[in-house]
Amino acid sequence: MDIDCRLSVPQTEFLRRDEDPLLIWQAGVGSGKTFTCSLYLIKHMLEGHRMVAGCLTHSALMKTLFSQCFDLAWKFGLNPVINKQDKTLKVGTGITYGYSNEAPNDVLGLSNIYGLVLDEASRCCEAFYNNLSDRLRGEGLDAPHKRLITSPCTEPGSEWYAELKRKHPESIIRATLYSNPFVSLEYIKELEDRYGIGSQLYRQQVLGEDIASDYLNAIVRATDFVDKENSRFSYLTKPLYYGVDLAGSGRDLTASALINETGLLNIKTLHKIDTIAQKNMIIEDFEVDNIQGGALDAGGLGVGVYDNIKHNPRVNIEAVNFAQAPSKDMYLNIRSEMYCEAAQVIKDGFYIDTSANKELVEELRNTQVFVNEKNKLQIIAKEDIRKRIGRSPDRADALVLAIHAMLHPRTNSSAAAVGNKVLAALGYV
Ligand SMILES: Nc1ncnc2c1ncn2[C@@H]1O[C@H](COP(=O)(O)OP(=O)(O)OP(=O)(O)O)[C@@H](O)[C@H]1O
Ligand SMILES: [Mg+2]
């Protein structure tokens, strides 16, 4: 079939390297990213392949990628068929299944997928990328074919993407707005005026360069973490404090954090454990580490676990319900207060080994604070963080609870009561 389509230089390279298992097209706005993915998908569907395509949102999938594919295939006389319900697109004997980063776990079950295309990859979460990649299996499919297309990441949360680029520099194809001869000079001029030639935003948006950046309203930014040399960090400092975010309410991860006032000693995570196992874990942690005080998240299974340990004299732990009233009026709830206080502690030099705790750092950097309509400081909802990074910020919750226990120690009332009884029995009080 003779298809009449002119290509830009990077588009030619992208399509020519068809046998490469991985290509990462990182480019500026309007450089022809979506057009290129569309051509790639059409080519492979014409060869009878089954493909998966991922976009940031359902709307981007249907209104941008699939509609671009459909229009091009139509223009080439290929009779494409879109099924909006199933989010599939058929061209020739091939098919593309479409998914969205908004529902990363919908990508289940498919096999015999030849290749994947992920548009705006650097903004998608790792779980979405992994779930899509897991589809690339089946008889006769030896090497996976992955095509990641994206403008540079402007937000934290795409560590997986940065890591992939570090590992596969040979797979990166770069392009800029100027590599696309199919946009008008007016459009180029408009972007130049909007971003200002030479500015960071210009370099990022128009030239497609990586510029590390954080949300302006992130509670902690990359530059806020102190280096070990500049901290007072010591494993030996006592006392120790403990925070635990318990699995439950649909989540299957229990995370606990152990700290002293100089920094984070350890984060531990456990999958799928029941109330009794969670209770035993906490008791054991307190015994082994001789912890002075702790806090647990009383949502989900937390209440049940707390009921089981609250009378244990050796476990001085407070149950915190994230929605409960803050101690200071300026915060919406205690969750917002605890996160803001913990952020301040980190900025004041509390040490976190950022390379050993990448997930925790990602969770903190994606936690944003804003002033709500009632003039209270509020932390964005867990659901919003989950959408960005593909998981709940369980490690951050555990750390924040531990810092809360450190900043607001409480006397162990049950331990004190038991102690008093003993003293009374001995005739001392
Ligand atoms: N080979 C081509 N032939 C004709 N037009 C093209 C070609 N490549 C890109 N274009 C046109 O250039 C414009 C920008 O392309 P596209 O939308 O693919 O860029 P993008 O990098 O995905 O942009 P955005 O950053 O907005 O997502 C579109 O109008 C597209 O149709
Ligand atoms: Mg695009």
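Helix α2 (residues 33-46) contributes the most to the shell around ligand 1, giving 3 residues; helices (H or I, at least four residues) and strands (E, at least two) are DSSP runs, numbered from the N terminus. The model described here is predicted: local features need pLDDT of at least 70, side-chain atom pairs count only at pLDDT 80 or more, and totals for chains, interfaces and linings use all residues. Residues are numbered from 1 along each chain as its sequence is written, while chains are lettered from A and ligands numbered from 1 in the order in which they are written.

The shell around ligand 1 holds 15 residues, of which G32, K33, T34, F35 and F182 come nearest; a residue is near a molecule or strand if its C-beta atom, placed from the backbone, lies within 6 Å of it.

Turning to the overall fold, the protein has 14 helices and 15 strands, and its C-alpha trace spans about 100 × 50 × 40 Å along the principal axes. Of its 429 residues, 42% count as buried, meaning that 20 or more other C-beta atoms, placed from the backbone, lie within 10 Å of the residue's own.

Eight strands form an open sheet with mixed pairing, in the order β3-β4-β5-β2-β6-β7-β1-β8; two strands pair if DSSP finds at least two bridges between them. At the edges stand β3 (81-83) and β8 (172-175), each pairing on one side only. Within the sheet, β4 (residues 88-91) and β5 (residues 94-100) pair in the antiparallel sense over 4 bridges, and K90 stands opposite I95 in β5. Helix α3 (residues 58-75) lies across β2 (50-55), β3, β4, β5 and β6 (115-119), running at about 135° to β2. Here, axes are lines fitted to C-alpha atoms, for helices over the stretch in contact, and angles run from 0 to 180 degrees between N-to-C directions; contact requires C-beta atoms, placed from the backbone, within 7 Å.

Definitions and conventions. Buried ≥ 20, exposed ≤ 12 C-beta atoms within 10 Å, placed from the backbone. Contact = placed C-beta atoms within 7 Å.
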